[in-house]
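Hello,

Here is the model we talked about. My notes follow below it.

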Amino acid sequence: LKYDMNVLARYGIDLQGVAYDTMLESYVLNSTATRHDMDSLAKKYLGYTTIKFEDVAGKGARQISFDQVPLQQAAPYAAEDADITLRLHRRLWGELQKESALRSVFEEIEIPLVPVLSRIERTGVKIDSAMLTQQSAELAKRMHALENSAYEIAGRPFNMGSPKQIGEIFFEELGMPVISKTPKGAPSTAESVLQKLAEDGHELP
């Protein structure tokens, strides 16, 4: 509803009483999913393919604004939008009610943040540039120290952004165990692998 809230705010309408939002319900239930838009959720949870905006308004340079779409085409599109949103809410809210912790996250954190983020998007935020500069310098200094520490443990400098070089250091030169391999058969240096090596007591990861 944040998009709608921003649009209404341009016309002096302050939307109040927001209690549900299907995008946020989807996000809280599955925060690692890449898509939470209505079209994607309708396909996933309802097995339904929605009417696309381009289907009624056209594409590219020839696309018209919604107020120019003939009523015979606009009505089914708008009605479907409302219908699918309600159907998705009933499905997703039913799932959230089964998980009290997730429901609390939705009601106490995500929903109250909607108007806050809406205002931020419309007006921006003030930042302390001096503080950010100071923090940047401190982080750069700490990063440099960590890099030097890693080079010392490895016995030589290496490119920390290179999975190939990390693999050579870890598995060939330091003899760490290979936990998993890439599809091409090389020892994996994925984050989960590095985390496991660190948990097992290896100093470098």
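Among contacts between residues at least 6 apart in sequence, what share joins residues at least 24 apart? The share is 50%, with contact meaning heavy atoms within 4.5 Å.

First, the ground rules. This is a predicted model: local features need pLDDT of at least 70, side-chain atom pairs count only at pLDDT 80 or more, and totals for chains, interfaces and linings use all residues. Numbering starts from 1 along each chain as its sequence is written, and side-chain values use heavy atoms, without hydrogens or water.

Overall form: the protein has 9 helices and 0 strands (DSSP runs numbered from the N terminus; helices are H or I, at least four residues, strands E, at least two). Its radius of gyration is 25 Å, whereas a compact globule of 205 residues would have one near 17 Å (C-alpha atoms; the rule is 2.2 Å times the number of residues to the power 0.38). The C-alpha trace spans about 70 × 45 × 45 Å along its principal axes.

Now the rings. There are 7 aromatic pairs (Phe, Tyr and Trp, the last by its six-membered ring, with centres within 6.5 Å; planes under 30 degrees apart are stacked, over 60 edge-to-face, the rest tilted). F53 and F66 form a tilted pair, because their centres are 6.3 Å apart and their planes at 35 degrees. F53 lies in helix α4 and F66 in the loop between α4 and α5, so the pair ties together parts 13 residues apart in sequence. Ring pairs also link Y20, W93 and F106 into a cluster.

Best wishes
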